Every structure is written in structure tokens, then in C-alpha cells.
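Dear colleague,

Please find the structure below, handed over for your records.

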Amino acid sequence: MAAEVQPLPPLRQTPGPAPLTPSQSYYRAFKSQLLVPSPHNSAITSITAPPSAETFAVTSGGRAQIYNSRTRKLVKTITRFGVDDVARSGVVRRDGRILIAGGDGGIVQAFDTGSRAVLRQWGREEKRRLPIHVVRWSLGTLTEFMTCGDDRTVRVWDLTEEQPKWVGVGHEDYVRAGCWLPGQDGMVVSGGYDQTVRVWDTRQGGQGAPVMTFRVQGAVEDVCALGSSLVAAAAGNEVSVLNLISGKPEVILRSHQKAVSWLTLAQGGTRLLTAGLDGHIKIHSTSTWEVVASLKYTAPILSLAVIPSPQIPSEDRHLLVGLQTGLLSIRTRLAGAEKAKTREREKRDQALIAGTADEYERVQRKKDLRQGILARDRGKDFRGEGADISIMGNDRTGRPKPLKPWQQALRRGEYGRALDLVLADHQSGPENTLTLITALRTRGALRAALRDRKDEHLVPVLKWVLNNINAPRILHLTGDVTYTILDLYAGRMGVWLEQGEGEVGWTCLKLVERIGKRVRRTAELAQQAEGCIGVMDLLAVG
């Protein structure tokens, strides 16, 4: 028996390209690439950008170069290093006045960015000098910086001193990575070729031991602080996100084929960028730790930096990449008016290439003329609405609503009597009291309303303060009333102390004491709430 004849399978078309995600579109907007070759084709070993200055430093070979982040042009070149020395980790201070750099010669130098003069050198007196690979300015103090080098130590220096303020001893191999912890004064993180990441407390002088040690699966090339309790460490082709609270890795990112050489944050700390020797830049989301976008370069990447936009901190302006071939890649993300100007320039260039430049210029002049005429004549043909506008609900045929007694007293300038009347009226609610005190405070008449009061007239005011001193929405009102009462009647408290129980003065004194106890209790609760907020922030980051 013959087999059953099956129908032909339908021919399916090849699916089109997948749509771009918002993150992919964002990083593809980094265009206008500028390639700057390094002198002598030396590898770009470091790119650093201070948080507030308008410059960034590029270190390659035996020189450190300072660029303007607005114009992307070279501003200064510092070549005052040794003949065979290789500069390392040049970093500009956040005020833009001093640049500090290490080197293979084992000397740390401070330069004036204006005159390029050497301000100070450290390490020249040492007999056995080893390379200094990492130099980082302190996040809080302008004169402090840290260094990490092949001498297996982490050091904290001051510009005004010859010797280090603090030395961290504990690494068993070269220390090639280091950074300061934000929000933790004096806390430093370092990573070395002994496959460890160590956390140091530099607030104690002299020598110190690490307060926390993490072991990773490879030599640590770079560390990056993601917050006060999270640190990312590049070890081999992996990136370990270490949680300082739990004391263990939170996640391990395996998105590179070769060793990861640099880590940095972007988009206001919501993205972690990792660069590797495979020529790839992987963009990870710091909430899900997934790769949301990637970029490819033609050579191994040794350094990476992101400069945020001065107008919008959550967006980035420049993407700086240093390659092993000595090329510095500067990509700029345009937005707003700059993007429109770039689009018009591209259209003009295309018209020149196509040979239709005259037609393009004629259309552009006509467009500009039309827009100018419209802007000049805008609103000239407006003749108003065709129908009259009637405002309803504003009839004044009835008699006006009479004023309340405290409102009449306020209108006549009897501020003290108005305050007594509104405090004695328990049926109208607290709104009238707040309205009156706000009006007195605005007119500057609060002191006049509280001056020269008898003890029996002061008791209602103190009771109102006692009942509302904990209300945060009206704290500005209760605080002003309390300060004014204490200023006016501080001298009368001695008389109240001499009075016996049951008298009006004794009642006033007890009310003042109860107000003080309630204020102190509220301050204690506020301190406890502030501590809880700090713990919650740490848990949220972790």
C-alpha cells in the first residue's frame, strides 16, 4: 500500500531584525566619534573624569593629557616623567587645579594644571621603588589621596606631608585596583593579584589590617564602588558584585570571553559598564544585573570613563574608551538643539554630495522666511471671541455674611483679644486657630498678640502648644509661638516657682515643663527614625 501524500509545508519568511530596546537606542545615540591617536602609539592605560570639573585626564606612555569635556580638545600635556617611565592613573582633582599621577618608576607626582609645574613628589627617597598603578583622590578631603602599587601596600597621603598618613598591609601580591567607598568616611577598597578584595578603615593612623576580605576566582584588575555597601570587582573574565553587609558575593557576572580590564557607572548609577580585552563593553542594569546593551571596538580595551550631562545627571554626555593600540575614542550623545543642528548639517552635506546644494539652499531660505513671517505676524489676526463671556455665581443681591467675633477683633487690630476669642471657641474646629496664627505671623503681629498677658490668659495658649507641638505640618507655627512665649515670659518663671499648687502661675509652669518633655521625646523618636532610614537604605542598596 502506498504512503499517504502529505501537503507541502508552508514557506515561512525570514523574520526581520528584533526591535531595539530603550537601552540599546540610548547607547546607539553615542555618535560623533572622535579618534585621538596617542603619541608613539602608547596604550591608553587610564581615563579619569572628576565628578564636577569640566576636564578629564588621559594617561598613556610617559605623559598625562588633560582634555576639555565641552570642546573635546586637548588643553594641557604633562610630560615631566622619567625617560623610561610609564605614567599611570593620572587623575584631576574635582576643582581642576591639581593632577596627581603614579608611574612605573615608583614616584607619585602632583602637578599644577595651569603651569604644569611639579608641586610635590613622593617616593623618590625610597631605595627600592616599585610601580604605582592606582592613584585616587579622596571623596571628602581635597588634600588626601590613596595609592596602590606593586609593593603590596595601600597608602593614604596628604599633599602637605612627606610621609603617608596610613599604610595598609595585608596583600600577598601586586595591588592593581583601589577606590574610596562613598558615604563611608575613610573606607578604602583594594584588589590585588593575590585574588582578594580587601576593605580598609584608614581613620586610624599608622599601619592597619583589612577589616574585611573577599576571595575571588582570579587576579583583580579593577574595583568600582556601586554604593556604600556594594563593590564590583573585575577578576579574570568575571565581575563579582560583593555585598559588604552580608559579607559574600551577591551576583557574579559572566558576560566577557577575556579578562575584564575596567569598570565604571553610568546613567546616574543605574548602569554598570564593564570593558574587557575582547574589545566589548557590556552594559548591565544594577537592578536585575542583566546585559541590556553592548558595544564593540576593534582592539582590546584598557580604560573606560563616562562623563554625565551637566544639565541632566541621569543622562550621559561622553563615552571615553582607551584602546591598547593607543587610540582614544570619544563618543558624544547629542540631544535637543544640538541634535537638530547635527541633523541639518547632515542634510546639507548630503545635498552637496548629490549635487543639489542650490535647491537645498533655496528651500532653506524659503523655510526661514516663512518661519520669520509667521513669528512676526503671530496674533495680529486675533479679533476676540464672537460671544460675550458671562461670569455666573457672583451675585451680590443678598446680604454679606457677618464676620465672626475674632475676625472683627483682627480687623480692628485687637490681636490679643482675637487670639483669646478663637481659643475659647471650641465648636468651630482648629482651622480658625491656625488661620489666625498664620495671619498674625504674616503681619508680624504674633509678638503683640502674646505680650502683656495675665497668667489665666496664658494658660489656653500653652495648652494649644502642648496639644499641637507634635504635629509636623504646623511645626513652623507652634515653634514660633513657643519661642515667643519663652522670650516674653522667661523672667516670670521665677515668680511661678514661688507659687503653690493650684494657683494659675503654678499651672503655667507645669505646662511649660510638659511641653519640654514632649519636645525631648519627639527629638528622640526623630533620631530613631533617622537611624531606621539609614538601615533601610543599606538594605535597599544591598
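Which residues of the largest nonpolar core touch the most other members? They are Leu419, Leu436, Leu462 and Val481, in a core of 34 residues. A nonpolar core here is a set of buried Ala, Val, Leu, Ile, Met, Phe, Trp, Tyr and Cys residues joined through side-chain atoms within 4.5 Å. Buried means under 20% relative accessible area, exposed over 50%, and partly exposed in between, with a 1.4 Å probe and protein chains only.

Please note that this is a predicted model, in which local features need pLDDT of at least 70 and side-chain atom pairs count only at pLDDT 80 or more, while totals for chains, interfaces and linings use all residues. Residues are numbered from 1 along each chain as its sequence is written, and side-chain values use heavy atoms, with hydrogens and water left out.

Helices (H or I, at least four residues) and strands (E, at least two) are DSSP runs, numbered from the N terminus. Leaving aside neighbours within four places in sequence, Val481 is in contact (heavy atoms within 4.5 Å) with Ile437, Leu446, Leu450, Val461, Trp464 and Val465. Another core, of 19 residues, lies apart from the largest one and has Phe30, Ala299, Leu319 and Leu323 among its members.

For the protein chain as a whole, there are 11 helices and 29 strands. Buried residues make up 41% of its 542 residues.

The structure also holds 10 aromatic pairs. Rings of Phe, Tyr and Trp (its six-membered ring) pair if their centres lie within 6.5 Å; planes under 30 degrees apart count as stacked, over 60 as edge-to-face and the rest as tilted. Tyr27 and Phe30 are stacked, because their ring centres are 5.8 Å apart and their planes are at 25°; both residues are buried. Trp166 and Trp200 have ring centres 5.7 Å apart and planes at 70°, so this pair is edge-to-face. The pair links distant parts of the chain, with Trp166 in strand β13 (residues 166–169) and Trp200 in strand β16 (residues 196–201), 34 residues apart. Both Trp166 and Trp200 are buried.

Finally, Trp122, Trp137, Phe145 and Trp157 form one aromatic cluster.
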